[in-house]
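Have a look along with me.

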Amino acid sequence: MKKTTLLILFLFYQFGYAQLSEDFESSTTIPTGWTSFIGTNGLGTAQNWQVNDGATNNVAFVTWEAVIGGNAEDWLVTPQFTVDATNFILSFDQSDSFATDYGSTYTIRVSTASQTTHADFTIVDTQNETDVWSGGPLSQHTVDLSAYVGQAIYVAFVLEQNDG
C-alpha cells in the first residue's frame, strides 16, 4: 500500500529571544529572505518546502517523494543573522505525519559563508523519523549554536528521503 503523505515536517521557527523569528503566519509562501532548493544530485524536483494554506498556525513543510538513483534533498534556509552570547539556542517545533520510519534523515546545517552553496554548510544536528515523530501535532526541538556566537550565519533545514 502506497503512503499518501508521509513526512510533513515542522516548523514554527523561533530563534532564542527574537534574533530571528518566523512563525510563517504572514503568508502562504516561503517568507522573503528565506530560500529553498534541492540537493546537489538534482533528485526530487516535484516536491519542495512550502507553507500550508491554513488560516492560523501555518507551518513550513515538505512532502515525501519517490525518486530513482538516491535520495531527494529538500533545503530550507534562513536569512543571515548573527548569533549572540545570550541567544544561541535554535528552537523550533516539528512533526512527522506518520509513526512508521521510512528511512528519512533530517539535518540542521550552518553556513558562515553562503545561503545557497551546499558545500558551505556543516551539519550540527541529525534526526531520523523516529526522533521527529511526536505522536501528536508538534514537538519542540532545540539545537545549541553557541559555537557560532558572534558570527553571521545561515541555518538550513534539510530533509533527505526517498519515498518516505
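**Entry 1: ground rules.** I call two residues in contact when heavy atoms of theirs lie within 4.5 Å. This is a predicted model, so I note that local features need pLDDT of at least 70, side-chain atom pairs count only at pLDDT 80 or more, and totals for chains, interfaces and linings use all residues. Residues are numbered from 1 along each chain as its sequence is written, and side-chain values use heavy atoms, with hydrogens and water left out.

**Entry 2: confidence.** I checked pLDDT, the predictor's confidence in each residue, from 0 to 100. The protein chain has a mean pLDDT of 84, and 87% of its residues reach 70 or more. Residues 1-18 have a pLDDT below 50, and this stretch has 97 contacts in the model beyond near neighbours in sequence. I remind myself that where pLDDT is low, the predicted coordinates should not be read in detail.

**Entry 3: V51.** Strands here are DSSP runs (E, at least two residues), and helices are DSSP runs too (H or I, at least four), numbered from the N terminus. I found V51 in strand β4, residues 50-51. Is V51 buried or exposed? Buried means under 20% relative accessible area, exposed over 50%, and partly exposed in between (1.4 Å probe, protein chains only). V51 has 6% relative accessibility, so V51 counts as buried. Leaving aside neighbours within four places in sequence, I listed the contacts of V51 as F24, S27, T28, T29, I30, N58, V59, A60 and F61. I also looked up V51 and E25, which are 26 residues apart along the chain, with 9.1 Å between their C-alpha atoms.

**Entry 4: the cores.** A nonpolar core is a set of buried Ala, Val, Leu, Ile, Met, Phe, Trp, Tyr and Cys residues joined through side-chain atoms within 4.5 Å. As background, nonpolar side chains tend to be buried together in soluble globular proteins. Which members of the largest core touch the most other members? In this core of 23 residues they are L90, F92, I108, L145, I153, V155 and F157. Two or more residues each come from β8 (89-94), β9 and β12 (152-161). The largest share, four residues, is given by β12. Another core, of seven residues, lies apart from this one and has F37, W75, Y154 and V158 among its members.

Beyond four places in sequence, the contacts of I108 include L90, F92, V124, V155 and F157.

**Entry 5: aromatic rings.** Rings of Phe, Tyr and Trp (its six-membered ring) pair if their centres lie within 6.5 Å; planes under 30 degrees apart count as stacked, over 60 as edge-to-face and the rest as tilted. I found five aromatic pairs in the structure. For F92 and F157, the ring centres are 5.3 Å apart and the planes stand at 90 degrees, so this pair is edge-to-face. F92 sits in strand β8 and F157 in strand β12, so the pair ties together parts that are 65 residues apart in sequence. F92 is buried at 1% relative accessibility, and F157 is buried at 0%. Elsewhere in my notes, ring pairs link F37, W75 and F121 into a cluster.

**Entry 6: a salt bridge.** A salt bridge is a side-chain nitrogen of Lys or Arg within 4 Å of a carboxyl oxygen of Asp or Glu. How many salt bridges does the structure hold? I found one. It joins the side chains of R109 and E160, at 2.9 Å from N to O. R109 lies in strand β9 and E160 in strand β12, so the pair ties together parts that are 51 residues apart in sequence. Both R109 and E160 are buried.

**Entry 7: polar contacts.** A polar contact is a pair of N or O atoms within 3.5 Å; within protein, one must be able to donate a hydrogen and the other to accept it, and residues adjacent in sequence count only if both atoms are side-chain atoms. H141 lies in strand β11, residues 139-144, and is buried at 16% relative accessibility. The side chain of H141 makes a polar contact of 2.9 Å with the side chain of D125.

My other stop was S114, in the loop between β9 (105-111) and β10 (122-128). S114 is buried, with a relative accessible area of 13%. The side chain of S114 reaches the backbone nitrogen of T117 at 3.0 Å.
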